[in-house]
Structures are given as structure tokens and as C-alpha cells.
Amino acid sequence: MMNWIYGAPSLTLTISHTLNIMLQKSKIESDSAQIDPIHPAHGIVGMIVETDAVFGNVTEDGPNYRNVGWIGTTALMMKTQIGLGVLSMPLVFGTLGLIPGNILLLTIAGITTWSNYMIGVFKLRHPEVYGIDDVGRMFFGQIGCELFGAAYALFYTVAAGSAMLSISTALNALSSHAVCTAAFVAVAAVIGFAFGSIRTLDRIGVLAWIGAISIIIAGKYLDRPSAAPSTGIWKSDYKIVNNPSFTDAVSAISTLVFTYAGTPAFFNIAAEMRQPLLYTRALAVCQTTVTMVYVIVGTIIYYYCGSYVASLALGSAGVTIKKVAYGISLPGLIVSCVLFVHLPAKHTFVRILRGSNHLTANSVIHWVTWLGSTSSVALIAYIVASAIPVFSGLVSLIGALLGTFLTFHPYAVSPNIDPETYRRIIEGKGLYQEVHNQLNARQSRAIPNKRLRAVFGIENALTTDNEIHAKRFLRQVKGLINLSPTSWESLSGLVRSAARRSIDGAMANSPDKPRVMLTNLVQVLVLRVVLSVLFRMETEALEVPDHDLLRLAEAINDAWTSSKDKTHLVSFQDNISLQNSLKTVFPHLNCLDPQGNPLNLVIPGFETMWRIVLRLFIEISYTSGLYHPEWRGIMTTFAIAPTKDEFERRNGKQNLSAEMLVNEALRLYPPTKRVYRAFLPVGSDTVEVLNADIEKAQTATHIWGSDAEVFAPGRWGALTPQQKLAFFPFGSKPFVCPAQAAFGPRAIALVVGALLVELGGEWSLCVGAECTEALVPGVRLSNQRTEYRDLCLARAGPV
């Protein structure tokens, strides 16, 4: 009867997690499983934004600050970059050379694309964030808010001045210098103030398309460069690789940063989008287009002009063509100025009126504050433009002083793991507060689990969207696992007796060199606990042969593997091996009845326990516990007297309890690593699956510290609020496993303690025929299901 424990190969099991978070999504694909259709909630026809987390009440009587579509968003994003940047690109290539220039351009493009993407993720998770100053407050308090806010306002105010200077250059070219530069800068300032005072970005978005297109077209008009010799044969002296001085190289790189320095404005643009979920689509179009334009325009102009390229690329053309080019580009330069006046003015305006009704009302205070903000920005920008009339130097100054700070740095420290968001996913509410799920909580849970229903033939709280049936099932389970003190004592005797029988069988079979397959032993003991508690088979739980239980465990594992791979999915009706294994252990139950199938109870009980029991036993006996022998004593004491008080009692030099040891194991090795929920956004007909990564949340260093992946039960003496939020191995409301409160952790401690009691300290850990020292104390064990299947215990001296 015992040969399956000590002689047979361990169970083979592979599993592939096909979905991945911080938040990846995939469409649900149909499979061969036949389940009842689950329909979206009725009566939801669309999302109307009445109250915004930033702007408050948005009514028809005032400006609608949430009205930018994804196409308009693309134009605004592009216009914050295409303009001054593309006009400076040929000079950058002239300084660095064509190949180094393009390599650095693509590198900075990649970095800023990531920064821009993180803005979308962060904004959707935190809809109350309007600008980068709000991010500074979240990270560093009020000091961070003021620092980031001042940097943002200064950056775009100076950028507006630079845009005014470029407009004056264009007007000079068109008028053959009929008026002094200062007058043209003043004209640009007036234009920037007038159009920058348009209150909403959706209207400026129309201008942004005109501006971006005009700049791109203007770059096409070139003849002999104005700086080249006026007569004779002229040939470009472009360089593939140049050898600039350190100062020139740094200046060129700063200019490249400036060309992509629209990043900090993306918070404000995203805040005015109608559908923030489309942010990534707009970003992809923007970054692809911008990069292609920079590469093509910069390369062609520098290839044609060589060292005669001007600071503003359009200045490289001859007199006539230069006027044509500047005339076509002028709308683009004006829109850049308008946008750069509008952004810092809106930043100031929102900070002043945020939280008041004047923010979205056509009141006197509203208009005075808004026009005061735009006029102040335009005036300061005019002063900057007049004081620093050297275009390339101004661009470099902006890029070096503020570009990297606002474009790169904040997004490197943005946390990728948000336990609160994971809990929202488990709740079925989706990632973002403002995007509602048309599916109710039960539907959201049942859809990703429909393959479990097909593969195991079950209908329980995990797989049904029927509220009445789910609640009835949970009441049944809660009643079964609510054990009295006497029942705990009986369960302790059963587990220790079963462990002793398996160990004795191994010794009797091979007295010279007895071995016990560790994973098989754990699975048998856990299944006996399931039989005793969930099926009230107190006597029968000991009578079922080990090999029958292992056949059942193997069939369950094979079916679980099948459920993760749609190409090899085997329905329960066709899985004769699993059906026969069930009939052997449960001969009186109807396995083909979805609600009466014993797997309804076996799957959650067995899967929740056996892997965590295995790893906690290894930690205590063969890795971290080698330096803390008192851990063994704590667990064995509880196994002999499995009371609530003993479970919580602290002992030893570290003042630890069995509860703290179990919690640390549940943190490092959660039985359910990821939880999936279906999500159907309002207005969409595509169901997506969201992933709450419990394992990642429970091992994140920014939450748990630098020793996040070390088995350190002492941490449970004083958890921070964030750590408490990030610990949810049994799920989260409203789908908390009923075993969380008492039975689950105590049952884990009981099985581990029983193994320690019955094994003693006279066993070495081996892989196959060789004893191993590969398990290193202080190094986290693997949480993969297939790991440690070949581990066995070999009779030896004291450990």
C-alpha cells in the first residue's frame, strides 16, 4: 500500500500562467467548454462624466474640460514635441554626425516613450492627479509639490519664450527684416496670449493638427543653403561621424532631450481626455510619428546642407525658398507658442481655483483668474525671449536645466505595484475608479474560471455567477470548517497517525536505506485532512490507501495543467482517469453532477494547502530554520495541542508564534499567485481579463523592505498599514476564502507540525539518489508547482 510514497516518481505537473500584471490584459477566447452565457448588466448604455476628480462638476453652463478625443490627444502630444525640436534636429546631426545623432535620438525616444507610458498608467490609477505637481506631492509631500510645480511652470514658460523667438525669426524672414526683432517678439507674445486663452484643450487640438502638419511640410522646401557659397559648384560636407567638443556634444544631447520634452504636459493632456483608456493608443501614434519625422527631416536636411545648416533648419534654405518655408511653418510655430502659453497658465489656474465652483463656472472670478494666468505667462515668456535672443542656446538651456528632470526622473521611481488596485481587480471593479465594469462581481469572477468548470465538472462559488448558489455553497463550507476544540484534537491525531503510517511503510519496505517521497507524503496528508474535515470522513480518511489518494492527486494535477492550455483541454466528461479516481475515493457520490461533484470541495481545499505545507516544512527543516531550532519546537507544540491560544502564543528568543511562521510562508509562497477577473468597460463589447498579482504584491521590496524575499517571520510583530494592505493570500473582499479566518492557517500549521513530530530530526533531504545542499538558507524557494517533486527524505543521522 505504501509503495507510492517511497518508491514511485513524483507527480508530473506543469502549469503556464498566460496572463501577466501590473496590469496586462488579454481577450477571453472561446474554448471547447460549454458554459451558460453570462451577460452584461442591463441598463448600462454609456458613461457620462458629471463629476471629475480634478475639475469637479462639469456642466453645460461652463467649459467642458473632459472633451478631448484620442485623435485630438495625439495631435496635442505631437505638437508639444514637433516644432522647435524638428527645426533643431539637422544642427544636432551636424554636431554629432549622422550615425551617432540617430542612435542617440532613438535612445532618448525609447526612454521618453516609457516615461510617457507610465504617465498613462499612473493617471488611470490616480484620476485625482492633474499635473506633475500632484505626483510630486504623492511622492515627497508639499515640498515635492512645490518643486515639481515650479519646475513645470518655468519649463513651459521658457519654452513659450523660445517659441516666440522662433516666430520672430520667421516674421523677419518673411518681411526681409522690415521691423526689429523685439517688435516681432511682442507680436508673437500677443498672439500667444490671445489664442492661449482658449480654455479647453479640445479646441486647441484642432490648431495642433494644423501646426504639426505645417512644420513637417515646411522642412521639404530647400535649395542651396543661404550660408553656402553663392556661386560655383557646391557640395554638402555632411559627416557620418563627427568629433565635437565636450561642450558642443552636451549641448546637442540637451537639444535632443528638449525635442522629446513634451512628457510633463502629458499629465495635463490625459486629464482632459474623454476616454483615458485610449491614452496608450494616442501615445503610440504620437511617438512613432514624431520619431519618424525627426529621423527623416533631420537626416535629409543635414545630408543636403552639411556644415552650412542653420540653427533653425528653415534658415538653411536660400532667400526665396526660405520665405516659402517660413510662411508654411508659421502656423506651426504659432500653435507651439499658443500651447506653451496655455499649459503653464492652466497649471496655475487649476491650482488657484481647484475645489471651488469657479473652476468650471463662467463667473467673474473664473475669467479674471484665467486671463490673469495666461497674460502673466505670456508676459514672462516675452521677457525671456527678449533677454536671450540666441535660439540654439535657449533650447540647450531648457533641455539641460529642466528637460531631464521633468522628462526622465519622476517615472523611474514610480511604483509598479499597487495593492489597492489589485484589490479592486479582485472585487471585480477593474483597474480604474472612473471606468466601470458592466459585469457584476460574480460574473467577473466566473468568466476567467469557466475552464475549471469544464475541466473539473464543478459548480461552486469559484465558477458560478448565481448569487444564491454561491452563498449556499459558502455557508456549507463555513459550517464544515468551523471545528470545535475536540475536532481539532481529533484532526491532530489523524494527521500524525497518517504520517507515522506512511513513514513506517517506507522504513519497512527498504530497511537498509529507507526513503520517503516528500511531495507525495505532503499531498497524501493534505487529502486526508480534506476528507476528514470537508466530507466528515473521520474514520474513512485513514482507511483510504495512499496510492488511491495519489492517483486522485495526479489526476487533479493533470487536469489543472489541461485547463491552462486550450489546445490540450480535456473536459471532465471525457476524463475517465479523473472520474475513476474520484469513484475510488468517493464511491457513493455522483461525480457527474456539477453541484454534487466532490471536486467542488477537494479543489479549493487541496490546492490551497499542499504547496504551502511543502514549502513551510522545507523552510523550517532545511533552510532558514537551520539557524532557528526554536521554530521546530513552536510548530511541534502546536501540532500536539492545536488550540487557538497555542497557535497565537509567542515563544523563543524571537518571540514568535506558529501563526507568524504560517503568515510568513503564505506571504512568500501564496497558494494562489495570481487572481483573474473579467472586465467589460462601459461602451465596449470586448471582455478583457485583468490580473491581480498577489505574489508580486507580497514580495515587493518597496513595501516589505530589502529582505522582502527572505523568510523572516519576525516582521509580523509590527506590520505597517501598507504591508497589511499588500497581504491577501486568501483573496480580498468580497471574495475572501472562508478558510482565512481560522481553519486555513491552523490546518497548514497542523500538517507541518505533524510532519516534524513524526519525522524527528533524523532525515536528510535528497534529490533522487543524491542528498543535496542546493537549498540555501536566506534564499527564497521556488513557488513553481513542478519544483521539488523529486525531493525525498533519506534516513540519516541528526540534521
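Trainee: Leaving aside neighbours within four places in sequence, which residues is histidine 366 in contact with?
Mentor: Histidine 366 touches Pro63, Tyr65, Arg199, Phe349, Leu353, His358, Leu359, Thr360 and Ala361, where contact means heavy atoms within 4.5 Å. Before going on: this is a predicted model, where local features need pLDDT of at least 70 and side-chain atom pairs count only at pLDDT 80 or more, while totals for chains, interfaces and linings use all residues. Residues are numbered from 1 along each chain as its sequence is written, and side-chain values use heavy atoms, with hydrogens and water left out.

Trainee: Where does histidine 366 lie?
Mentor: In helix α12, residues 364–387. Helices here are DSSP runs of H or I with at least four residues, strands are E runs of at least two, and numbering goes from the N terminus.

Trainee: Is histidine 366 buried or exposed?
Mentor: Histidine 366 counts as buried because its relative accessibility is 0%. Buried is under 20% relative accessible area, exposed is over 50%, and partly exposed is in between, using a 1.4 Å probe and protein chains only.

Trainee: What lies 3.1 Å from a polar atom of the histidine 366 side chain?
Mentor: The backbone oxygen of alanine 361. Also, serine 356 is 10 residues away along the chain, and its C-alpha is 9.9 Å from that of histidine 366.

Trainee: New topic: how many aromatic pairs does a search of the whole structure find?
Mentor: The search turns up 18. Phenylalanine 155 and tyrosine 156 are an edge-to-face pair because their planes are at 85°, with ring centres 4.9 Å apart. Phenylalanine 638 and phenylalanine 647 make a tilted one, at 5.3 Å centre to centre and 50° between planes. The rule takes rings of Phe, Tyr and Trp (its six-membered ring) with centres within 6.5 Å; planes under 30 degrees apart are stacked, over 60 edge-to-face, the rest tilted.

Trainee: Which charged end sits over the ring of tryptophan 70?
Mentor: That of arginine 281, 5.1 Å from the ring centre. Arginine 667 does this over tryptophan 704, again at 5.1 Å. The test wants NZ of Lys or CZ of Arg within 6 Å of the ring centre and within 35 degrees of the ring normal.

Trainee: Where does UniProt place the feature "transmembrane region"?
Mentor: The unreviewed entry lists several spans, including 145–167 and 282–304. UniProt positions follow the numbering used here, feature names are shortened, and annotations may be inferred rather than shown by experiment. Residues 145–167 are 100% helix and 0% strand, with end C-alpha atoms 33 Å apart. Residues 282–304 are also 100% helix and 0% strand, with their end C-alpha atoms 33 Å apart.

Methods: A polar contact is a pair of N or O atoms within 3.5 Å; within protein, one must be able to donate a hydrogen and the other to accept it, and residues adjacent in sequence count only if both atoms are side-chain atoms.
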